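Colleague: I would like to learn how to read the helix packing in this model. Please start with the terms and then go to the case.

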Amino acid sequence: MEYFNRGQKGSITRKKIEFFTKALELDPKLAAAYEQRGLLYYFQGKYDKVIQDYETELDLAPEKAETYRMLGLGYLKS
């Protein structure tokens, strides 16, 4: 959770992605980290990574409508 919290508090996108990635290495079932990292990838235009992160998040937490919307946007933009 420390890396996840650092990612949320950070201000540099590259570092935030690094922190979320490290958090996922330690806990691959942390759905919120996939969501946050996927959103950062979306704003960077890395739509293949957006799709990958949001599909993984759907496997872990399928009840969030926002996840479906972001996944759809990732497919639309790619």
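Modeller: Begin with handedness. A crossing is left-handed if the near helix is turned anticlockwise from the far one by less than a right angle, and right-handed if clockwise. Keep in mind that this is a predicted model.

Colleague: In which hand does helix 4 pass helix 5?

Modeller: The crossing of helix 4 past helix 5 is left-handed. Their axes come within 9 Å and cross at roughly 155°.

Colleague: Which residues in helix 4 and helix 5 meet?

Modeller: From helix 4 come Tyr-47, Val-50, Ile-51, Tyr-54, Glu-55, Glu-57 and Leu-58. Helix 5 brings Thr-67, Tyr-68, Met-70, Leu-71, Gly-74, Tyr-75 and Lys-77 to meet them. Sorted by class, this contact has nine nonpolar, two polar and three charged residues.

Colleague: Take one residue from that list. Is Ile-51 buried or exposed?

Modeller: Buried means under 20% relative accessible area. Ile-51 has a relative accessible area of 11%, so Ile-51 is buried. This residue lies in helix 4. Leaving aside neighbours within four places in sequence, Ile-51 is in contact with Leu-71, Gly-74, Tyr-75 and Ser-78. For a distance across the model, take Ile-51 and Ser-11: they are 40 residues apart in sequence and 23 Å apart in space, C-alpha to C-alpha.

Colleague: Now the next pair. At what angle do helix 2 and helix 3 pack?

Modeller: The angle between helix 2 and helix 3 is about 150°, and their axes are 9 Å apart. These two helices are therefore roughly antiparallel to each other. Helix 2 and helix 3 make a left-handed crossing.

Colleague: Which residues in helix 2 and helix 3 meet?

Modeller: In helix 2 they are Thr-13, Lys-16, Ile-17, Phe-20, Thr-21 and Leu-24. In helix 3 they are Ala-33, Tyr-34, Gln-36, Arg-37, Leu-40, Tyr-41 and Gln-44. The classes here are seven nonpolar, four polar and two charged residues.

Colleague: Where is Pro-28 placed, and how accessible is the residue?

Modeller: Pro-28 sits in the loop between helix 2 and helix 3. A value between the buried and exposed limits, 20% and 50%, is called partly exposed. Pro-28 has 46% relative accessibility and so counts as partly exposed. Apart from neighbours within four places in sequence, Pro-28 is in contact with Tyr-34 and Leu-60. Pro-28 and Thr-56 are 28 residues apart in sequence, yet their C-alpha atoms are 9.6 Å apart in space.

Colleague: How do helix 1 and helix 2 cross?

Modeller: Helix 1, residues 2-9, and helix 2 have axes that come within 8 Å and cross at roughly 160°. That makes helix 1 roughly antiparallel to helix 2. This crossing is left-handed. Tyr-3, Phe-4, Arg-6, Gly-7 and Gln-8 of helix 1 make the contact with Lys-16, Phe-19, Phe-20, Lys-22, Ala-23 and Leu-26 of helix 2. By class there are six nonpolar, two polar and three charged residues in that contact.

Colleague: Is Lys-9 buried or exposed?

Modeller: Lys-9 is found in helix 1. At 71% relative accessibility, Lys-9 counts as exposed. The C-alpha atoms of Lys-9 and Asp-48 are separated by 25 Å, and the two are 39 residues apart along the chain.

Colleague: Last, the core. Which residues touch the most other members of the largest nonpolar core?

Modeller: The largest one here has 17 residues, and Phe-4, Leu-30 and Ala-33 touch the most other members. Helix 2 (13-26), helix 3 (31-44), helix 4 (47-60) and helix 5 (65-77) each supply at least two of its residues. Helix 3 gives the largest share, five residues. Beyond neighbours within four places in sequence, Ala-33 is in contact with Phe-4, Phe-20 and Leu-24.

Technical notes. Residues are numbered from 1 along each chain as its sequence is written. This is a predicted model: local features need pLDDT of at least 70, side-chain atom pairs count only at pLDDT 80 or more; totals for chains, interfaces and linings use all residues. Side-chain values use heavy atoms; hydrogens and water are left out. A nonpolar core is a set of buried Ala, Val, Leu, Ile, Met, Phe, Trp, Tyr and Cys residues joined through side-chain atoms within 4.5 Å. Buried means under 20% relative accessible area, exposed over 50%, partly exposed in between (1.4 Å probe, protein chains only). Helices (H or I, at least four residues) and strands (E, at least two) are DSSP runs, numbered from the N terminus. Contact means heavy atoms within 4.5 Å. Axes are lines fitted to C-alpha atoms, for helices over the stretch in contact, and angles run from 0 to 180 degrees between N-to-C directions. Ala, Val, Leu, Ile, Met, Phe, Trp, Tyr, Cys and Pro count as nonpolar, Asp, Glu, Lys and Arg as charged, and the others, Gly among them, as polar. Angles under 35 degrees count as roughly parallel, over 145 as roughly antiparallel, 65 to 115 as roughly perpendicular and the rest as oblique.
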